[in-house]
Amino acid sequence: MRIIPIILLLLLTISCQKENKPETLSKYFTYKENTNIESAGVKMIPIKTPIGNFKVWTKRFGNNPKIKILLLHGGPAMTHEYMECFETFFQREGFEFYEYDQLGSYYSDQPKDSSLWTTERFVNEVEQVRKAIGADSSNFYVLGNSWGGILAMEYALKHQKNLKGLIVSNMVASAPEYGKYADEVLAKQMNPEVLAEIRTLEAKKDFNNPRYMELLIPNFYKKYLCRLEEWPDGLNRASKHINGEIYTLMQGPSEFGISGRLAKWDIKNRLNEIKIPTLMIGAKYDTMDPKAMEQQSKLVKKGRYLYCPNGSHLAMWDDQKIFMSGVIEFIHDVNNNKI
């Protein structure tokens, strides 16, 4: 006689779980908008700059008041597209996160005034985006890769009071160190004849010569940028959509070293000012020295280091399991006050 009530209880429990799941999903994918039109989370956010007002492209995933993550792409002036791999992993965790094209990038407004392309102005832009998505120190995480890592560190130095956690993916805190590593370590691993031809083209500033990328892609990019035999569709799209004017102005003509406005950028001696939990990510085949990334994790107050033994500059793709597991663990640990 006692078996029947137990079975009924189990059936009721299963029924409740089935009823609650659609409600949870519905909340996760429902965003309060000022319009009756659903836009799949896409929103053009107004941005004020010294020369006028513009709009930047963002796309929201999820609804989680405890965890809001803003993804900062590299370049400068690449696009969010190569960071689309986060969609699968972060949605599984129930994180709220935002893909975002910085001003000047393909899906955002692209003003021509070169005075806009400074780290200080980009930091101000990120702060405006933060306010627009309703994030604050109780839930706001910034994850920046490459140039996005520079932007993330600079943002933390100025606005860490608004941050819960910081993730710097594959970016050292010193551009001169980046250049030195490219010249003294990575260049020496190249075929001497290939390197000599690359240096000749660079000396002539013949960067538009198709031969320049013909040499760099197989001999540098495929080894240190993304090691996958077939590059992901998102990375290919981002590469096609890069704003070359901004990229060259700030970074230089390629990923093989740095020579633009960022060439002297260096905040390594200020890392001790960053007090919030911070994850530094390095990779064995990165364009950045993984040992420098590990050192950076010790220079911030609450640092953690994630090493990707099979990864390159885009370890989110070519060492994906280790990369994503480490990032997700860090976010959960910060959210649970374990770091």
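What follows is a chat about the labels used for this predicted model.

Biologist: Let's begin with the sheet. How many strands does it have, and in what order do they come?
Modeller: There are 8 strands, in the order S1-S2-S4-S3-S5-S6-S7-S8, and the sheet is open with mixed pairing. From one strand to the next, the twist averages 20°.

Biologist: What makes S1 and S8 edge strands?
Modeller: Strand S1 (42-49) and strand S8 (302-308) each pair on one side only.

Biologist: How do you know that S1 and S2 are paired, and in which sense?
Modeller: Two strands count as paired if there are at least two bridges between them. S1 and strand S2 (residues 52-61) have 8 bridges, so they pass, and the sense is antiparallel. Thr49 stands opposite Gly52 in S2.

Biologist: And what about S5 and S6: parallel or antiparallel?
Modeller: Parallel, over 5 bridges. Here Tyr141 stands opposite Gly165 in S6.

Biologist: Why is S6 called largely enclosed?
Modeller: Buried means under 20% relative accessible area. In S6, 5 of the 5 residues are buried, so the rest of the structure largely encloses this strand.

Biologist: Which way do the residues of S6 point?
Modeller: Gly165, Ile167 and Ser169 point one way, while Leu166 and Val168 point the other way.

Biologist: Why is Asn269 called exposed, then?
Modeller: Exposed means over 50%, and Asn269 has 64% relative accessibility, so the label holds. Asn269 is in the loop between helix H9 (244-250) and S7.

Biologist: Now the helices. How do H2 and H12 cross?
Modeller: The axes of helix H2 (residues 86-93) and helix H12 (residues 320-335) come within 11 Å and cross at roughly 35°. The crossing is right-handed. Among the residues making the contact are Phe86, Phe89 and Phe90 of H2 and Phe323, Met324 and Ile331 of H12.

Biologist: What kinds of residues make up the contact of H2 with H12?
Modeller: They divide into 8 nonpolar, 2 polar and 1 charged. H2 also lies across S2, strand S3 (68-72), strand S4 (96-101) and strand S5 (140-145), running at about 155° to S4.

Biologist: Which residues touch the most other members of the largest nonpolar core?
Modeller: Ile69, Phe86, Phe90 and Ile331 do, out of 54 residues. Ile331 touches residues including Ile67, Phe95, Tyr141 and Ile167. There is also a second, separate core of 50 residues, which includes Val56, Leu116, Val172 and Ile258.

Notes:
Residues numbered from 1 in each chain as written. Predicted model: local features only at pLDDT ≥ 70, side-chain atom pairs only at ≥ 80, totals over all residues. Heavy atoms only, no water. Axes fitted to C-alpha atoms, helices over the stretch in contact; angles between N-to-C directions. Helix = DSSP H or I, 4+ residues; strand = E, 2+ residues; numbered from the N terminus. Left-handed = near helix turned anticlockwise from the far one by under 90°. Contact = heavy atoms within 4.5 Å. Nonpolar A, V, L, I, M, F, W, Y, C, P; charged D, E, K, R; others polar. Core = buried A, V, L, I, M, F, W, Y, C linked by side-chain atoms within 4.5 Å. Buried < 20%, exposed > 50% of the residue type's maximum accessible area, 1.4 Å probe, protein only. Lists of a residue's contacts leave out its neighbours within four places in sequence.
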